[in-house]
Structures are given as structure tokens and as C-alpha cells.
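Visitor: I am new to this structure. Please show me how to read it, one feature at a time.

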Amino acid sequence: MLGPDRFAPRLADVSHEELEDSGIRGIIVDLDNTLMGFRETELGEDHIRWVERAHDRGFRMVMLSNNFTRRVTGIADQLSIPCIPNALKPLPFGFLQAKRLLALPRRQIAVVGDQLFTDVLGGKLCGHYTILTEPIEAKDFAITRLFRLLERWVLAGRRPQ
Ligand SMILES: [Mg+2]
């Protein structure tokens, strides 16, 4: 139940072609530590280009974040994608809202995020394709650090070398 369908070092390493080959037409993307480092104030060029290319190829996108600050809407505006802040991942409400916005069947939607217990678990509970990225920055909230320890335990031996 907990294993992601795929691992990627960074969002920018996720191949649009491979997503298309897997039948994916919509992407639910996490903000903090996936699109942008926790303490970064600007998006990386590679992630801006990745989102542009996704748009060019016809992917529908939505940002789904547990963060509830103005940061979420600001970054989503910059990327021209709708956003759902305060999503309470892994609970399904935000994911269901995102699926409605994407207007796609659940199997055609990929969830990309850096946390097993919010992004991947929530995505899997809703029947989506899931991709786990490495967190951009190591430093995080205490609760996130606890989850990281549990992640390492759950994923032991499963991550490709
Ligand atoms: Mg995150």
C-alpha cells in the first residue's frame, strides 16, 4: 500500500514522456520541498521549465499543499496552475477536489511529492499513480522529521541504488 509507483531525485527528473506512456494526463504536485525548498523564496529555473513543458504537452496540473500561507497561492499564480492550500494530506478531501479540477479519471492522474505519508499515501488511497521525490531541503518541521524516520524504515531496501 505504501510503496510509490516510481522514485525521482527531483520533480525536474520526472519524464513527461514516461508519464504519457503510463497513460497519465493530469498531475497533482506538492509545493514544499517538491517544487521548492522550504526556505527558498524563488522557484528553480528547472522547475519553472518543467511546468511549462508539462503545459505545452497538454498535461492538466494542480498544486495540492498542506501549507496554508500566501506562499502557496503566490507560487501557483506564478506557474499558472490552480492550487488547493491547507489540503490536510493524506486525507482524501483535497485529492478529490484536485481530481474534480483536473476532470480526469483517477488512473490518469499522477501525484508527485516528497513525503510518503502525505503525498504518496494520500494519492494511493485515491487510486492515483504516485511518484516520490527526494526532499529539496533536509531541514523540516519536527513532525516531518519523525515521518522521515518512519519513511526510511518502510522504504528500507525498496529504494533503487
Ligand atoms: Mg512536501
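Visitor: Which residues on the other side of α4 are exposed?

Guide: Phe93, Leu96 and Arg100 are exposed there. Helices (H or I, at least four residues) and strands (E, at least two) are DSSP runs, numbered from the N terminus. This is a predicted model: local features need pLDDT of at least 70, side-chain atom pairs count only at pLDDT 80 or more, and totals for chains, interfaces and linings use all residues. Residues are numbered from 1 along each chain as its sequence is written.

Visitor: Which residues of α4 are buried?

Guide: In helix α4 (residues 92–102), they are Gly94, Phe95, Ala98, Lys99 and Leu102. Seen down the axis of α4, these buried residues fall within an arc of 140 degrees, so they line one face of the helix. The arc is taken from the directions from the helix axis to the C-beta atoms.

Visitor: What covers the buried residues of α4?

Guide: The cover includes β2, β3, β4, β5 (109–113) and α5 (116–125). Contact here means C-beta atoms, placed from the backbone, within 7 Å.

Visitor: How many residues of strand β3 are buried?

Guide: Four of the five residues of β3 (residues 60–64) are buried, so the strand is largely enclosed by the rest of the structure.

Visitor: Which strands does β3 pair with?

Guide: Two strands pair if DSSP finds at least two bridges between them. Strand β2 (residues 26–29) runs parallel to β3, joined by four bridges. Glycine 26 has arginine 60 of β3 as its bridge partner. Two bridges join β3 to β4 (residues 83–84), also running parallel. There, leucine 64 stands opposite isoleucine 84.

Visitor: Which residues have the most contacts inside the largest nonpolar core?

Guide: In soluble globular proteins, nonpolar side chains tend to be buried together. A nonpolar core is a set of buried Ala, Val, Leu, Ile, Met, Phe, Trp, Tyr and Cys residues joined through C-beta atoms within 7 Å. Here the largest has 38 residues, and Ile28, Val62, Met63 and Ala110 have the most contacts inside it. Leaving out residues up to four places away in sequence, isoleucine 28 touches Val62, Leu64, Phe95, Ala98, Ile109 and Val111.

Key. A residue is buried if 20 or more other C-beta atoms lie within 10 Å of its own, exposed if 12 or fewer, and partly exposed in between; C-beta atoms are placed from the backbone. Two residues are in contact if their C-beta atoms, placed from the backbone, lie within 7 Å.
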